Structures are given as C-alpha cells and as structure tokens.
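Here are my notes on the model. Please read them with the structure open.

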Amino acid sequence: MRASYVLRRYRMSIEDLERLLEQQSGQCAICRIPWQECVPAKRSAYEKHFLQHLCVDHDHLTARVRGLLCNACNTAMGLFAEDEKRLR
C-alpha cells in the first residue's frame with residue numbers, strides 16, 4: 001500500500017499504523033489472529049506487508065482510525081453496518 005494513499009485516506013503514516021499494529025500485538029483487533037495468518041485481502045507482490053492482510057478500520061463519518069482488522073472481521077463489521085447492537 002502506498003504511503004501517500006494511507007496518509008490521504010486515513011491521515012496516518014505507515015509508521016503510525018505500524019505502531020498501532022504493535023499495540024495490537026501484531027493481531028487483528030477483534031479475533032486476535034496474528035496478521036501473518038490472516039488471508040490477504042488481495043494477492044500482490046507485497047503479501048509480506050501487514051496492510052495486505054489487515055484492513056484499516058475507521059469511522060466513516062469522522063475518518064478516525066479505530067484499529068486494524070483481518071478481512072473476515074472487517075467484512076463482518078460492514079455486514080452489520082457497524083451497529084454495535086446488531087453485533088451483540
């Protein structure tokens with residue numbers, strides 16, 4: 001993932017996201033699967049990079065980044081329209 005895209009889209013640098021990943025112990029923020037074991041969202045030459053395996057979860061209204069999620073957890077959040085009541 002290009003650093004300029006990440007900065008524009010999420011207002012965070014790659015280094016900021018790397019720190020977030022470290023705070024999450026290298027795992028998805030929801031299911032806790034290590035990022036290396038998560039199925040990549042897309043096949044690419046950069047499959048060794050955590051952003052090919054984890055999605056940047058963010059509030060669509062404020063653009064505030066909440067965490068890094070595996071593709072399965074990110075998809076589930078979308079299917080539940082990010083509604084906490086529906087998720088419970």
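1. Confidence. The protein averages a pLDDT of 83, and 90% of the residues score at least 70. Here pLDDT is the predictor's confidence in each residue, from 0 to 100. Confidence is highest in α2, at 93, and lowest in helix α4 (residues 84-87), at a mean of 73. Where pLDDT is low, the predicted coordinates should not be read in detail.

2. Ground rules. This is a predicted model, in which local features need pLDDT of at least 70, side-chain atom pairs count only at pLDDT 80 or more, and totals for chains, interfaces and linings use all residues. Residues are numbered from 1 along each chain as its sequence is written, and side-chain values use heavy atoms, with hydrogens and water left out. Helices (H or I, at least four residues) and strands (E, at least two) are DSSP runs, numbered from the N terminus.

3. His53. Look in the loop between α2 (14-23) and β1 (54-58) for His53. His53 counts as buried, at 7% relative accessibility. Buried means under 20% relative accessible area, exposed over 50%, and partly exposed in between (1.4 Å probe, protein chains only). The His53 side chain reaches the backbone oxygen of Cys38 at 2.8 Å.

4. Aromatic pairs. The structure holds two of them. In one, the ring centres of Tyr5 and Tyr10 are 6.5 Å apart and the planes stand at 85 degrees, so the pair is edge-to-face. The rule covers rings of Phe, Tyr and Trp (its six-membered ring): they pair if their centres lie within 6.5 Å, and planes under 30 degrees apart count as stacked, over 60 as edge-to-face and the rest as tilted. Tyr5 is partly exposed, with a relative accessible area of 30%. Tyr10 is buried, at 9% relative accessibility.

5. Trp35 and Phe50. These two also form an edge-to-face aromatic pair, 6.5 Å centre to centre with 70 degrees between the planes. Trp35 and Phe50 both sit in the loop between α2 and β1, and the pair links distant parts of the chain, 15 residues apart. Trp35 is buried, with a relative accessible area of 14%. Phe50 is buried too, with a relative accessible area of 5%.

6. Backbone check. Which residue has a positive phi of about 65 degrees although it is not a glycine? That is Arg32. Arg32 lies in the loop between α2 and β1. At 44% relative accessibility, Arg32 counts as partly exposed. Ala63, not a glycine either, has a positive phi of about 70 degrees. The place of Ala63 is the loop between β1 and β2 (65-70).

Conventions
A polar contact is a pair of N or O atoms within 3.5 Å; within protein, one must be able to donate a hydrogen and the other to accept it, and residues adjacent in sequence count only if both atoms are side-chain atoms.
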